[in-house]
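This report is meant for someone meeting the structure for the first time. It starts with the whole chain and then turns to single elements and residues.

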Amino acid sequence: MINKLTTMNMNKVTILSVAILASAFTVQAQDINQAKKAVDAEQFESAKTILKTIIKDKPANGEAFYTLGNVYLTQKIQDSAKIYFDKGITASDEGQLNYIGLGQMDLNSNNVPAAQANFALATKEMKRKDFQEFIYIARAYMNAEKPDYKNALTTLNKAVVINSQDAQLQLALGDAYYGEGKQNEAFIAYRSAFQLDSSLLRAKMQLGVLLKGAKSYDEASKAYNEVIAINPNYGPVYRELAETYYKIARNKPSQAAANYKIALGHYDKYMSLTDYSINSRMRRADFLILIEDYVALEVEAKKMIELDKVNPRIYRYLGYSAYKNGNVDVAIKSLENFINSPGNKPIALDYLYLGLTKIKKGTNPEGTAIDSTAFKTGLMDIKKSIEMEPLAVQELSAVGKNLFTQKMYKEAASIFEFGASTPESKSFLDDNVYFGLANYYANSGKDVKVDIVALQKGDAAFDKVLVASPIYLEAYLYKARTNRLLEKDDLMVKNYEDYIAKTTALGAEEIAKPAVKTKFVESYNNMAASFANTNKLKAIEFFNKTLAIDPTNNYAAESIKILK
C-alpha cells in the first residue's frame with residue numbers, strides 16, 4: 001500500500017513538474033514573442049527591457065541574446081551588439097544564432113569571408129527540418145550597411161524547400177524581392193505572408209510601401225488605413241504615412257507646406273506609439289531634415305543634448321539646423337565636434353554644410369564680399385564632401401547663384417565648377433551655363449588681369465551646354481565673347497557666325513526682336529574689328545551689315561571711313 005501511494009505521489013510530482021516546466025516554457029515563449037512584437041512595432045526600448053529580463057532569468061536563452069544584439073545593431077550601437085552576441089554564443093539553447101549577428105557585423109566591416117564563416121557555424125548543427133537560421137542569415141544580408149539581396153534570396157530559397165508556408169519566411173522573401181526591385185514577386189510574397197498570419201501587419205503594410213514606390217500615393221494611403229483599421233496602435237504604419245505625405249509634398253510644390261504639416265503629424269503619432277528615447281528622437285530628427293524643418297530640428301537637437309550630452313550624432317543635427325538657421329558659430333562648432341569624434345562616420349553632407357558655414361562666416365554683412373582665407377578653407381571641406389558623394393553638388397547650385405547675383409563671379413565659378421564636372425547631377429546643364437558665365441564676367445571688367453585657364457574652362461563649359469541643349473544659342477555668343485578675351489579671333493569669328501546663322505534660321509520674327517538686333521550688331525562689329533588689319537574688304541562688309549540693322553551706329557560708320 002505504501003509502495004502504491006508512493007508511486008502515485010511520485011507520478012503526481014512528475015506530472016506537476018512537467019506542468020510547471022511547460023508553463024515556464026510557455027511564459028518564456030510568450031516573453032520572447034512579446035519582445036519580437038515590440039521590435040516589429042519599433043518599440044526598441046521596450047524590447048530591450050523585455051530581452052534583458054529574459055537573459056537575467058534564463059541566461060541559457062541564446063535567441064534572447066541574438067534578438068537583443070540585433071536591436072543594438074538597428075540602433076547602430078555596435079559595441080553593445082557585439083557584447084551580447086559574444087555572450088550569446090555560449091548559451092546552451094539556440095546559442096548558435098549569435099554567430100549570425102556576428103556575421104552581420106562582419107558584413108558591415110566589408111569582411112565577407114568572415115561573415116560566411118560565422119554563418120557556417122550558425123548552420124553547422126541544423127537538423128533536416130530546421131529553416132529559421134536561413135531566415136535570420138538572409139536578414140543579416142539585407143540589414144547590412146551594404147545590403148546583399150541576391151545572397152539573401154539564395155539563402156531564403158533554402159528555407160522555401162523545407163517550409164514554404166511559414167509567414168516570416170514569406171515576409172523575408174517580400175523584403176528581399178523589394179530590395180532587388182522585383183515588385184511583382186514582392187507583392188505575392190507579402191500577400192502570402194499576411195494570408196498565412198493575419199496578425200503580421202508589417203506584411204500588409206509593405207503592400208502599401210510597394211504602392212508608394214510606384215508613386216500611387218492615394219492607393220498607398222488607402223492600404224495604410226486598412227492596417228490602421230485592424231490595429232490603430234501599430235506605430236510603423238504612421239511612419240509610412242508620414243513618408244508618403246512627404247513624397248506628395250515633393251511632387252506638389254504648391255501644396256508642400258500643408259502636406260509637410262500632415263506628414264509631421266503622422267510622424268509624431270508614430271513617435272507616440274513607439275518610444276521617446278534618444279534613438280527615437282534621432283529618428284524624428286532625421287525626418288525633420290527630410291522635410292527641411294530646420295527650426296524644429298534645432299529645438300529638437302537642443303532637447304536631445306539635455307538628455308544625452310555625449311552622443312556625438314546630436315551634434316550633426318544641431319550643426320545642420322544651425323547652418324540653415326544662420327547660426328554660423330554654433331554650426332561650425334557642432335559639425336567639427338561631430339566629424340572629429342572618434343568612431344563617427346562623417347557623411348558628405350557633414351563636410352558640405354561645414355564648408356558652406358565657413359564661407360558664410362567669412363562673408364560680410366552685406367553679402368557682397370568673402371574673406372579669401374575663409375572661402376578657401378570652406379572650399380576644401382566642400383571638395384571632401386563631393387569626393388565622398390559626387391551628387392552633393394546638387395546642394396551647391398543655389399549657393400553659386402546667390403554669389404553670381406552678388407557679382408562675386410570668381411567665387412561663384414569655384415562653386416559651379418563642382419556641378420559642371422558631374423554629368424549625373426540634375427543641375428549639370430544649369431551649372432555649366434553659370435560656370436561659363438561666371439568665368440567670363442570675372443575676367444571682363446576693367447583693369448582685370450585675364451585668367452586664361454579660367455576662360456578656357458568657361459569656353460569648354462559652353463561646349464558641354466551645346467551638347468546637352470543645342471537650342472541654347474546664347475552659348476555661341478558667350479563662347480565668342482570668351483574667345484575675344486582670349487584674343488583668339490578665328491574662334492571668336494566662328495562663334496559669332498554660328499550664333500547669327502542659327503538665330504537667323506529661327507525666322508524673321510526672331511531676328512526682329514530688339515535684343516537680338518543688339519547682339520547681331522555686337523557680332524558684326526567684333527568680327528569686322530578682327531579683320532581690320534588683315535582684310536579691309538571683309539571688315540567693311542561686316543560694318544555695313546551693322547549699319548543695315550542700325551544706321552546710326554557711330555562705331556561702324558567711323559570705322560568704315562578709316563578703312564577706306
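## Basis of the model

This is a predicted model, in which local features need pLDDT of at least 70 and side-chain atom pairs count only at pLDDT 80 or more, whereas totals for chains, interfaces and linings use all residues. Residues are numbered from 1 along each chain as its sequence is written, and side-chain values use heavy atoms, with hydrogens and water left out.

## Overall form

The protein contains 30 helices and zero strands, where helices (H or I, at least four residues) and strands (E, at least two) are DSSP runs numbered from the N terminus. Along its principal axes, the C-alpha trace spans about 145 × 45 × 45 Å. The radius of gyration is 34 Å, while a compact globule of 564 residues would have a value near 24 Å; this radius is taken over C-alpha atoms, and the globule rule is 2.2 Å times the number of residues to the power 0.38.

Of the 564 residues, 47% are buried, a term that means under 20% relative accessible area, with exposed meaning over 50% and partly exposed lying in between (1.4 Å probe, protein chains only). The accessible surface comes to about 29,200 Å², and 54% of it belongs to carbon and sulfur atoms, as computed by the Shrake-Rupley method with a 1.4 Å probe. Among contacts (heavy atoms within 4.5 Å) between residues at least 6 apart in sequence, 51% join residues at least 24 apart.

## An enclosed helix

Helix H7, residues 132–143, has twelve residues and reaches 16 Å from its first C-alpha to its last, close to the 16 Å expected at 1.5 Å a residue; the expected span is 1.5 Å times one less than the number of residues. Ten of the twelve residues of H7 are buried, so the helix is largely enclosed by the rest of the structure. Among these buried residues are Glu133, Arg139, Tyr136 and Tyr141.

## Residues within other helices

Thr482 lies in helix H25, residues 474–485, and is buried, with a relative accessible area of 1%. Leaving aside residues up to four places away in sequence, Thr482 touches Tyr440, Leu455, Asp459 and Phe462. Glu300, in helix H16 (residues 294–307), is also buried, at 5% relative accessibility, and with the sequence neighbours up to four places away again left out, Glu300 touches Arg281, Arg284 and Leu288.

Asp86 belongs to helix H4, residues 78–88, and is partly exposed, with a relative accessible area of 33%. Its C-alpha atom is separated by 7.2 Å from that of Asn98, which is twelve residues away along the chain.

## Two loop residues with positive phi

Glu42 is not a glycine, although its phi is positive at about 60°. This residue sits in the loop between helix H1 (2–40) and helix H2 (44–57), and at 9% relative accessibility it counts as buried.

Lys407 has a positive phi near 65° and is likewise a residue other than glycine. Lys407 is found in the loop between helix H21 (397–405) and helix H22 (409–420), and at 62% relative accessibility it counts as exposed.
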